[in-house]
Amino acid sequence: MGLFAQWRGMVLAQGHRLGAALGRAEEPDDPSEPTPSLNRLDALVEGFTAGQPVRWSMAGQPRPLPGPVDVVAYRIIEEALTNARRHAPGAPVGVRLRYDAAGITIEVRDEGAGPAPAGGGTQAAGRGLPGVRRRAERLGGTFSAGPRAGGGFTVRAVLPAPEEMVE
């Protein structure tokens with residue numbers, strides 16, 4: 001019984017690491033909601049435009065993306081818009097998508113006054129930007145997020161989706 005109590009304590013204390021090791025670092029998407037997809041980008045952006053100007057642009061030849069890439073791209077934009085609303089309310093936000101032969105680049109920039117004060121706005125591991133970073137990296141992509149020199153904040157991700165890889 002003592003070993004079980006030790007094991008239980010370890011799982012409770014280190015459960016987030018165990019979940020990540022098993023490939024389940026964040027909660028699954030709600031099955032009652034429509035599947036996240038860049039096909040729904042207009043609706044996503046529209047949901048954030050009340051009180052906050054959001055514009056988006058696209059470069060390159062848009063094409064269907066593999067399911068996991070499509071979902072992660074949507075989630076990255078969703079999280080970046082959520083953070084812009086929270087940390088730069090009312091500031092203009094730009095969303096840029098660029099398709100190329102190797103995949104898609106996503107950039108979300110807000111024009112906020114500057115970086116958040118030190119110690120503010122932290123989120124639990126597995127949520128927010130750390131969660132979408134893990135999702136992007138699991139696909140073999142890159143992810144960066146941080147304050148811009150002149151003020152504001154940029155979230156950028158490059159996700160691999162070679163043209164021949166489309167489902």
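This is a predicted model: local features need pLDDT of at least 70, side-chain atom pairs count only at pLDDT 80 or more; totals for chains, interfaces and linings use all residues.

I started with β1 and β2, which pair in the parallel sense over 6 bridges; two strands count as paired if DSSP finds at least two bridges between them. In this pairing I found serine 57 opposite arginine 96 in β2. Strand and helix names follow DSSP runs numbered from the N terminus (helices H or I, at least four residues; strands E, at least two).

Residues are numbered from 1 along each chain as its sequence is written, and side-chain values use heavy atoms, with hydrogens and water left out.

Next I traced the whole sheet: 5 strands, open, mixed pairing, in the order β1-β2-β3-β5-β4. The edges are β1 (54–59) and β4 (142–147), each pairing on one side only.

Then the largest nonpolar core, which has 31 residues. Such a core is a set of buried (under 20% relative accessible area, 1.4 Å probe, protein chains only) Ala, Val, Leu, Ile, Met, Phe, Trp, Tyr and Cys residues joined through side-chain atoms within 4.5 Å. I see that α3 gives the most to this core, with 9 residues. I checked Ile76, one of the residues touching the most other members. Beyond its neighbours within four places in sequence, Ile76 is in contact (heavy atoms within 4.5 Å) with residues including Ile106, Phe143 and Leu159.

Last, I looked up proline 92, in the loop between α3 and β2. Leaving aside neighbours within four places in sequence, proline 92 contacts Pro53, Arg109, Asp110 and Glu111.

Technical notes: Buried means under 20% relative accessible area, exposed over 50%, partly exposed in between (1.4 Å probe, protein chains only).
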